[in-house]
Amino acid sequence: MPEADLVIVGCGPVGAMAALRARQHGLSVIALDRESEVYPWPRAVSMDDEIQRLFATAGLLDGLRSCSSPFGGAEFLDHQGHRAIGIELPVGFVGPNGHPPVVAFDQPAVERMLREAAIGAGADLRFGADVAALDGNKLTLSDGATITGRWVLGSDGARSTVRRQLGIELENQGFDEDWVVVDTTLLDPDLSLSSLVTQYCDPDRIVTYIPGHGTHRRWEFQFREGETRAEMASPERIAELLGPWGSPHQLQVDRIAVYRFHAVVAERFRVGDVFLAGDAGHQMPPFNGQGMCSGMRDVENLIWKLAAVAAGHADERLLDTYHDERRRHVAGQVEHAVDAGRLINAIAEGGADSFEAGYGGGREFPHLETGLRCGNHRLTGHPFPQPLLEDGGFDRQLGDGIALVTTVSTDISADLMDRWAAIGARRVDTRPDLFPNLVGDGTVVVVRPDRYIAAVTRDLVSTSAEFAELGLAVA
């Protein structure tokens with residue numbers, strides 16, 4: 001018999017969020033991590049508004065705000081220091097998800113907060129537990145102990161044991177580069193540094209600068225031809241690289257890490273009762289700050305579906321949509337990150353003609369193109385917008401399950417509403433002016449628990465039948 005509904009392998013920020021959200025959706029959880037402590041230095045440093053919204057949904061917004069700060073904007077500079085493309089954000093600006101477009105955050109603090117919240121919610125987190133083998137949904141640890149879950153989630157990083165045990169290959173999009181990442185603490189508050197994330201597109205040395213939360217400042221330096229990992233990581237070279245921005249008396253070097261950025265996506269995100277999320281399923285260059293964010297989207301997409309199946313609100317067909325939705329979505333994000341990297345190189349070479357991959361560019365952010373969605377409304381598959389109201393964000397009205405957002409005058413038969421209510425859905429009547437061109441008399445917007453729009457329909461009977469074909473028990 002399974003010892004838990006969900007066994008999670010890897011308890012970094014993605015795995016810890018999965019554990020917390022699974023408990024909040026009523027699933028029993030065992031989460032394993034080979035390390036005993038949170039890694040003390042940040043790896044991810046930025047978070048977009050959709051993931052901030054997830055933290056708010058999980059009840060962690062105040063904690064997140066205490067260890068994060070909004071970015072002022074971002075820019076690409078050419079070799080002469082002229083802005084090729086960029087955007088500056090006014091203080092207090094929020095995006096359509098109801099939060100600042102991007103914030104810098106302290107990953108160790110956020111990771112500890114997530115673990116504590118998951119434990120407080122009743123998740124069984126076990127540290128120093130190394131998974132040696134996987135047979136279906138049965139895991140064998142390095143000490144010989146075994147654990148069985150109804151489902152297993154591999155969120156165990158780029159070298160994922162779960163992925164390797166499943167024999168899942170990574171498909172490479174062909175953009176591998178060596179960079180050295182330098183995390184520093186700002187010692188001199190009078191040191192003049194940009195408040196914007198900056199891509200220095202200089203042919204002599206391409207550099208990314210990120211003003212982190214508090215006194216954290218990060219630089220990422222691209223290798224030049226012939227440079228070795230050992231020389232680039234030496235203290236002497238790091239001091240030389242940081243020289244144009246500050247001296248050792250002004251910038252304390254905390255961490256030096258040499259990375260080879262990859263652009264890969266797993267060929268499958270599901271094998272039977274086992275799923276992949278985060279770096280176990282995809283890795284991308286960091287230029288758009290979407291690595292950890294993509295992993296968070298993975299687990300929020302998956303967990304509500306597992307909970308729906310566990311509660312009898314859906315059948316196994318719903319779980320098939322996880323791979324369909326997330327793989328296509330994240331492949332688009334990887335492609336965008338690759339194009340942003342190529343844009344940096346092109347500006348440095350003086351030959352960039354298109355800036356759609358850069359900040360403020362015209363490319364649409366990836367959305368759900370398949371899976372649990374129906375209809376051809378232009379916002380289907382996009383996150384449902386969240387206007388800010390006097391008593392808080394609109395999400396508090398949506399609740400934890402599926403929401404049918406409409407107006408008070410829209411007629412939904414009692415029988416049809418009962419069928420939706422039986423799978424945990426609620427009706428939310430609102431004002432059309434809050435959602436122009438989306439909510440209107442006679443229109444029902446079906447919003448999933450992960451806040452994505454599943455349908456915009458004037459015929460909820462037919463839409464319900466379509467969702468029943470995808471596994472929801474609303475027939």
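The tour visits a helix pair and then a cavity in this predicted model.

**Stop 1: the helix pair.** Select residues 291–310, which form helix α8, together with residues 317–348, which form helix α9. The two helices pack at an angle of about 170°, and their axes lie 10 Å apart. Angles over 145 degrees count as roughly antiparallel, and α8 and α9 are therefore roughly antiparallel to each other.

**Stop 2: the contact between α8 and α9.** On the α8 side, display S294, R297, D298, N301, L302, W304, K305, L306, A308 and V309.

**Stop 3: the cavity.** How many cavities of 30 Å³ or more are counted? The count comes to 1. The volume of the largest cavity is about 160 Å³. To locate its centre, select E50, R297, E300, D450 and Y452, which lie nearest to that point among the 14 lining residues.

**Stop 4: the lining.** Now select α2 (49–57) and α8 again; these are the elements that give two or more residues to the lining of the largest cavity. Which element gives the most to this lining? That element is α2, with 5 residues. Colouring the lining of the largest cavity by class shows 5 nonpolar, 2 polar and 7 charged residues.

**Stop 5: a residue at both sites.**

How values were computed
Residues are numbered from 1 along each chain as its sequence is written. This is a predicted model: local features need pLDDT of at least 70, side-chain atom pairs count only at pLDDT 80 or more; totals for chains, interfaces and linings use all residues. Side-chain values use heavy atoms; hydrogens and water are left out. Axes are lines fitted to C-alpha atoms, for helices over the stretch in contact, and angles run from 0 to 180 degrees between N-to-C directions. Helices (H or I, at least four residues) and strands (E, at least two) are DSSP runs, numbered from the N terminus. Angles under 35 degrees count as roughly parallel, over 145 as roughly antiparallel, 65 to 115 as roughly perpendicular and the rest as oblique. Contact means heavy atoms within 4.5 Å. On a 1 Å grid over the protein atoms alone, a cavity is a set of points where a 1.4 Å probe fits but cannot get out, and a pocket is an open set with protein on both sides within 12 Å along at least five of seven lines; lining residues have an atom within 4 Å of a point. Grid points are joined across faces, edges and corners, and a volume is the space filled by probe spheres set on the points. Ala, Val, Leu, Ile, Met, Phe, Trp, Tyr, Cys and Pro count as nonpolar, Asp, Glu, Lys and Arg as charged, and the others, Gly among them, as polar.
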